[in-house]
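User: I would like to learn how to read the features of a protein model. Could you take me through them step by step?

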Amino acid sequence: MAQIVGVLVSKGTLKNGLKGCSPYESFALYDLYGSKHGVKPIFFSLDDIRFSRREVRAYIRTGAGHYESRMFPLPRWIHHRTRPFGKSVKKLIQLKSLHGLTLYNANNRLDKWDVYSKLVQNPEIKPHLPETSLLTLEESERLLDTYSCVYLKPTNKSLAIGLVKVERVGGDKVRVSYPRKTPTRILASSDWRKLQHKLMKQGKYLVQQAIPLASLEGCPYDLRVSALRGREGKWQVAGQVAKVGPSSGIATNVSVGGRALPFSSVYHLSAYSFEEISAKIDEVVLRAADQLGEMDAGLADLGFDVGIDHSGNVWIIEVNGRDLRITFRQAREFQLWNRTFEYPMAYAAYLAEQKEEYECTEEKRRGKAVVTPGNLPMQGLGAGSVEISVRERVSREAGEYPVTVFGKNVPPLGKAIAFQTGISPTSLYLKQVTAELVRLQPEVIQIENRPLFISAIRRACPSAKIVLYLHSETFIRPPNGKPKTIGAELAQCDLILTNSEFMKRRIAERFPMCLPKIDVLPLGVDVDQFHPIDKEDEKRIAVRERLRIANKKVILYVGRIIAQKSVHVLLDVFPQIKKAHPDAHLLVVGSTHYSGDKETRYLQLVRKRMERVKGDVTWITATAHEKLVTYYQIADLLVTPSRGSEAYGLVNLEGMATGLPVVSTTNGGIPEVIQHGKNGILIEPKELQTRLAEACIELLYDPVKAEQLGKAARQRVQEKFSWEEVAKKEIQLTRSLISCDDQLKKATNQ
């Protein structure tokens, strides 16, 4: 029997879809392509769900060709096509929280600023983005001075609602235009400021560079490009369709007078052939979809508004989290229209295949489960060192025995099976995990950095071997846990792993009874991804030119902007370095939190320090881990002036792997990786203010020594700290636990 997949729509769309008269959804096409890919769609709204019984009253197409209402178990996979409001919002949140359910395209209300902030981090996508800022009086004036014409738009609305076009018309006056019938106005500076204040009171607004769009007979046009996940879980472009706006309008949306036409019928630029520009657009859109999908694994259905200027340059104007598809139908592009229904059904078939691999045999139930903290994504923007570590280790050990990974936005990890969880409070996340562990009953359960999970998981799986992998001291001391409570949790472990000897000593000092069951499993680095490149490498030169540091001696800091990392000390001593090396430049890569900056007192302090060296420092905020290698490769020296309780220091490993000389501190577990004078320079934390500048100046003066340290650092990482070496040890430890369990079972049976 075909696997059931849910299609969640609004009540109005459900009513019209059953009659075959919805302009947005064709139930017949869902059925057609569901049959092609071996799945069976059922259709329902949020009001049809019976949460207490995990059931839903839904409509299914019968053999006779009509739709019949039946009760079904709530499908494991649901294609989300609603934008609820009012009481329905709570029902959607409740649906997202259910364990064992994949609501794909769960988040379809994309915030324009959030999308821009994620995409602009990718150097290959950034050239295709109009310059955009959050609306402030200062930013609107800056962008107007730069481009003469900008758009103001709310971050959370579509269909050109709230859109304003602003043009400089001389002096301090601006022309303000709206997409609907509101008259164009000329505003003096005081009225222009009042308008901005009014908009900012209504909600969060963007100010964005206006793109001079290509036009058809004097009417500007842009494109709607639909990108969806398909059969192999990969992004595919379903089609491109032109939206031609009115000649005097400021938007192309059909809702404000635009027309939908086949792209091939409107394109006439000489810069590229139609085939070339179409392929170029697909390439840019798929790259952007991959970037967004890495950061939110639940995305599956995106509608890109893409502009082309008169030179044939491609611009991503904005991204919508749910393509309404209507433009393809209005343009009579029925083949493209059909694809927008086929791809979601193909993706459902792909998800069903993953389920079969997950549940097919009793043997699959044996093996290991890895429980991440669940609060940060496993890849992309926001992933922390714990998530990176799990991702890299599991992808290498999953071929040795069955492994299931619990977490947020879990990417494909070789033969490992992912159990995706939504954004939930810790208590709800733990409830989801334990419910699935009861069903799975793995032999070994490894908990990553959350000792307070142990009791609940032990109750769920009393016969499993439980491993706790501690990455820091944060969760074994107040306020995250009282000593007595943590001691009771640790006592239930069969094995405790730490990432350094330093961490092992700290745990043993607090909880001496745990010492016999503590082992060290260091973090690692992908030495193929993080590798040195020649200083004359074209990519290195291009990135340095883009950052305007082409002829500079670049000192790199990578890490969170928090007090214990002490980037302010580096900023304090940088003027001394600059005096000795006028061509020195400081590159800071990091933010206060993994996913971006949140205002803190320390951040304010760092900003003030940066003002003192303005022009000599480049600050790049939150960056996905997989993008960091570019910054290591363009630097000359890595500095990590940590003064807090640093358990390990993954950044140092990554810098060493790329062949950088590293200046760090003797703090925590850092000396277990960096050997002073052999493959880096270590400074006592209390001597940073006096010795940090001296160490940097010395290495910049002596490139031969710097190169020797970098080569030795790379060699040490390859020999001791590659993820392959780390995974080998973890596999041995896990196998010993499984073997011990098997021997116990045999002895019991005898």
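Analyst: Let us begin with a pair of helices: H18 passes H19 in a left-handed crossing, where left-handed means that the near helix is turned anticlockwise from the far one by less than a right angle, and right-handed that it is turned clockwise. Helices (H or I, at least four residues) and strands (E, at least two) are DSSP runs, numbered from the N terminus. This is a predicted model, in which local features need pLDDT of at least 70 and side-chain atom pairs count only at pLDDT 80 or more, while totals for chains, interfaces and linings use all residues. Residues are numbered from 1 along each chain as its sequence is written, and side-chain values use heavy atoms, with hydrogens and water left out.

User: At what angle do the axes of helix H18 and helix H19 cross?

Analyst: Two packed helices are described by the angle between their axes and the distance between the axes. Axes are lines fitted to C-alpha atoms, for helices over the stretch in contact, and angles run from 0 to 180 degrees between N-to-C directions. Here the axes of H18 (residues 567-580) and H19 (residues 601-612) cross at roughly 15° and come within 9 Å, so H18 is roughly parallel to H19 (under 35 degrees; over 145 is roughly antiparallel, 65 to 115 roughly perpendicular and the rest oblique).

User: Which residues of H18 and H19 make the contact?

Analyst: Contact means heavy atoms within 4.5 Å. Val567, His568, Leu571 and Asp572 of H18 meet Tyr602, Leu605, Val606, Arg609, Met610 and Arg612 of H19.

User: At what angle do helix H4 and helix H8 pack?

Analyst: Helix H4 (residues 112-119) and helix H8 (residues 274-295) pack at about 105°, with their axes 10 Å apart, which means that H4 is roughly perpendicular to H8. Val115, Lys118 and Leu119 of H4 make the contact with Ala288, Gln291, Leu292 and Met295 of H8.

User: How many residues does the largest nonpolar core have?

Analyst: In soluble globular proteins, nonpolar side chains tend to be buried together. A nonpolar core is a set of buried Ala, Val, Leu, Ile, Met, Phe, Trp, Tyr and Cys residues joined through side-chain atoms within 4.5 Å, where buried means under 20% relative accessible area, exposed over 50%, and partly exposed in between (1.4 Å probe, protein chains only). The largest one has 48 residues, and Leu653 and Val717 are among those with the most contacts inside it. Apart from it lies another core, of 37 residues, including Leu223 and Ile316.

User: Is glutamine 675 buried or partly exposed?

Analyst: Glutamine 675 is partly exposed, with a relative accessible area of 29%, and is found in the loop between strand S31 (662-665) and strand S32 (681-683).
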